[in-house]
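Please look over the chain shown below.

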Amino acid sequence: MQAITGRRRRVGIAAGLLAVATLTAATACSASDQPAAAGEPTTPAASASVSASVSASARPAESLKPLLQQALPDVKGKTFTSAVVELPPNAIAAPHRHGQAFVYAYVLEGTVRSKLDDKPVTTFHQGENWVEQPGTDHVLTENASQTEPAKLLVVFVSNTGDKLKVDDPKP
């Protein structure tokens, strides 16, 4: 039990340090006119921009742009992924899950409304953050503004090879 607790602590510390480094890089990139990955090698996942399905009300959807994906050293079968999620004005994401990933989200700009499982809707402003435990149902993610974009830095610690986002089936 002691070995597992020590390993979890190291994983938590490593994920925290990687999140801070990614946040620093994403913040610096968002302040410049250059793309985040300009001149750097990319992986197939990093070069793709994934868009969610548009809801029945035809509101804009979010886009997810991976920044970094790397296997966690000393944690077999786990991958660290950071991404920027952009929500145009009035955008909404389809209800979804992140499988067995642990998720950390930080609002880089704008205001985002979020509802996890059966918890109340929470509004997050620039500089605020939240975590999602593995298996959490993300019922609502939307840009609270009709006129301004919102942007999130999202960090996933997932099982290697798992999809980062799976839309919930329509009822």
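Where is P88 found? P88 sits in the loop between β3 and β4. Helices (H or I, at least four residues) and strands (E, at least two) are DSSP runs, numbered from the N terminus.

This is a predicted model, in which local features need pLDDT of at least 70, side-chain atom pairs count only at pLDDT 80 or more, and totals for chains, interfaces and linings use all residues. Residues are numbered from 1 along each chain as its sequence is written, and side-chain values use heavy atoms, with hydrogens and water left out.

P88 counts as partly exposed, at 31% relative accessibility. Buried means under 20% relative accessible area, exposed over 50%, and partly exposed in between (1.4 Å probe, protein chains only). Leaving out residues up to four places away in sequence, P88 touches P60, A61, N143 and P149. Contact means heavy atoms within 4.5 Å. P88 and P149 are 61 residues apart in sequence, yet their C-alpha atoms are 4.5 Å apart in space.

**The chain as a whole**

The protein chain holds two helices and eleven strands. From the N terminus the order is α-α-β-β-β-β-β-β-β-β-β-β-β. Of the 171 residues, 36% are buried. Among contacts between residues at least 6 apart in sequence, 67% join residues at least 24 apart. The accessible surface comes to about 10000 Å², and carbon and sulfur atoms account for 58% of it. Accessible areas come from the Shrake-Rupley method with a 1.4 Å probe; for residues, only the protein chains shown count as cover.

**The five-stranded sheet**

Five strands form an open sheet with antiparallel pairing, in the order β7-β6-β9-β4-β11. Two strands pair if DSSP finds at least two bridges between them. The edge strands, β7 (122-125) and β11 (166-167), each pair on one side only. Strands of a sheet pair through backbone hydrogen bonds, either parallel or antiparallel.

| Antiparallel pair | Bridges | Opposite residues |
|---|---|---|
| β4 and β11 | two | H96 and D167 |
| β4 and β9 | two | R97 and D137 |
| β6 and β9 | five | V112 and N143 |

Why is strand β9 largely enclosed by the rest of the structure? Six of the seven residues of β9 (residues 137-143) are buried, so the strand is largely enclosed.

**H96 in strand β4**

H96 is found in strand β4. H96 is buried, with a relative accessible area of 4%. Its side chain makes a polar contact with the side chain of H98, at 3.2 Å. A polar contact is a pair of N or O atoms within 3.5 Å; within protein, one must be able to donate a hydrogen and the other to accept it, and residues adjacent in sequence count only if both atoms are side-chain atoms. Beyond four places in sequence, H96 touches residues including T136, H138, T141, K165 and V166.

The largest nonpolar core has 18 residues. Such a core is a set of buried Ala, Val, Leu, Ile, Met, Phe, Trp, Tyr and Cys residues joined through side-chain atoms within 4.5 Å. Those with the most contacts inside it are V85, L87, V112, W130, L152, V154 and F156. Strands β3 (78-87), β5 (102-109), β6 (111-116) and β10 (150-159) each give two or more residues to this core. The largest share, four residues, comes from β10. Another core, of eight residues, lies apart from it and includes V75, L108, L153 and V155.
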